[in-house]
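Here's a quick look at one chain, starting with its overall build and ending at its annotated sites. Keep the viewer open while you read.

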Amino acid sequence: MTTLRYTTAGESHGPALTGILEGLPAGLALSKERIDAELIRRQGGYGRGGRMQIETDLVDITAGMRAGRTLGSPLALVLKNADATIEELPVPGNARPGHADLAGSQKFGELDTRAVLERASARETAIRVALAGAARQLIEHFGVRVFGHVVELGGERFAPSDVRGDAQGDGLGDAELPPVDEREQRRDASQFYSLFPERDEAFIAKVDAAKEAGDTLGGVFEVRAWGLPPGLGSHASGPERLTSRLAGALMSIPAMKGVEFGLGFEAARRPGSRVHDAIDPAEASDSADGSDPVASPNGRFRRRTNNAGGLEGGMTTGEELVVRVAMKPISTLRRGLDTVDFETNETVRATYQRSDVTAAPAASVVGEALVAFELARAWREKFGGDAMSQVTAAVEFYREQLRSL
Ligand SMILES: Cc1cc2nc3c(=O)[nH]c(=O)nc-3n(C[C@H](O)[C@H](O)[C@H](O)COP(=O)(O)O)c2cc1C
Ligand SMILES: C=C(O[C@@H]1CC(C(=O)O)=C[C@@H](OP(=O)(O)O)[C@H]1O)C(=O)O
């Protein structure tokens, strides 16, 4: 199969989460440690609740590999739940505003919120991070890097000003972004997975205050990707546009309420002359060895700005991919929101057992994973091949063709 596809099963408090990934070529060296590293990151971030103290997410790969390499057969991944208490858990007698409880119960014709919340829970994103952790190793093999970081929490930015790609002096410049090589180090030093660990203290106080008040916070994260060739995705049909696939994947994460690419909503407010990215001849410095402009990954073209966030016509432009996602505040509040008691029909406070206060850092890991998955899928569709040797040949041919255009 020359596309990638996955399916997941598993309840939040069931025995395990299971994922099946189809479509990886044979012969790809897969690192379990690479997958586990993302799972561990997803469990972290300041503001998580008690559940993450209980779980230790490490993946078991139970099919699709031999001697550390893929076989070209379906890959099966399993994540055991430590909190596997589904049979003992009570059915809450009311629905939490903001969660799936009420709409799901009405949909199934039974006020059994437990049945709904078990699968609506973002616990399911753990197995998707694992599946994407395998899929992304395909594009990482070819030098693509995908990187998520939190840019806003509870209405406040981590950077003193915004940091989107725009070199036109409108206050949305990349000036405050650290160089690519430093970003991982800085993000991993931050308890919020932001690029500004020196601001952690202020944000810890903010989350603590929300927790004290029995409230919750949302946030905004950004995912960037480097090393992409132009032409991944397609202009030819709506569902194949990489833009629509990325937006769909990101909006599939529970609690996500908005996605924007590049300048995003800001693009709608400007005239075209201050939005579209002028095309220039490549410069020698664009190439790997600094000598031959045509040897740049983008052939003999470059963009003066990257307001588009690396996507035009549903395809990659070869510039950095930049996408931002808004997450609403966690739905389960300790102080409880008004809801209706199923028995008495009276207004009561929604049930609270335990909950995250904010999970924007964890969501940035999930978002990064799903962007990586969609890029790997687009890669698979463009370059085909049953085995890595064939994928590599197709990638090399394409890179050569870009240089000769
Ligand atoms: C990583 C992550 C952790 C979450 N943790 C909680 C939580 O602890 N409590 C809660 O009520 N909602 C939590 N949510 C949000 C709910 O899953 C989400 O609001 C719910 O499924 C309803 O979906 P909707 O917001 O997209 O309508 C979390 C979401 C994510 C992405
Ligand atoms: C378990 C995870 O997140 C959960 C997502 C979630 C929700 O309602 O979405 C509710 C909480 O679970 P519980 O009700 O068991 O405390 C979070 O901990 C996870 O991210 O692995």
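## Overall build

The radius of gyration of this chain is 22 Å, and because a compact globule of 405 residues would come out near 22 Å, the two agree. Keep in mind that this is a predicted model. Along the principal axes, the C-alpha atoms take up a box of roughly 75 × 50 × 40 Å.

On the secondary-structure side, you get ten helices and 17 strands. Some 39% of the 405 residues count as buried. If you look at contacts between residues at least 6 apart in sequence, 71% of them link residues at least 24 apart.

## The annotated binding site

An unreviewed UniProt entry carries a "binding site" annotation that includes Arg119, Ala120, Ser121, Gly313, Lys328 and Arg354, with Thr332 also among them. These positions span 236 residues of sequence, and they're spread in space too, with up to 44.4 Å between C-alpha atoms.

## Two of its residues up close

Thr332 sits in the loop that runs between strand E15 (321-327) and strand E16 (338-340). Is Thr332 buried or exposed? It has 22 C-beta neighbours inside 10 Å, and the cut-off for buried is 20 or more, so Thr332 counts as buried. Beyond its neighbours within four places in sequence, Thr332 touches Arg96, His99, Tyr352 and Ser355.

Arg354 is also a loop residue, placed between strand E17 (347-349) and helix H9 (360-383). Setting aside neighbours within four places in sequence, Arg354 is in contact with Gly49, Gly50 and Arg51.

Technical notes. Residues numbered from 1 in each chain as written. Chains lettered and ligands numbered in written order. Predicted model: local features only at pLDDT ≥ 70, side-chain atom pairs only at ≥ 80, totals over all residues. Helix = DSSP H or I, 4+ residues; strand = E, 2+ residues; numbered from the N terminus. Rg over C-alpha atoms; globule rule 2.2 N^0.38 Å. Buried ≥ 20, exposed ≤ 12 C-beta atoms within 10 Å, placed from the backbone. Contact = placed C-beta atoms within 7 Å. UniProt positions renumbered as here; feature names shortened; annotations may be inferred.
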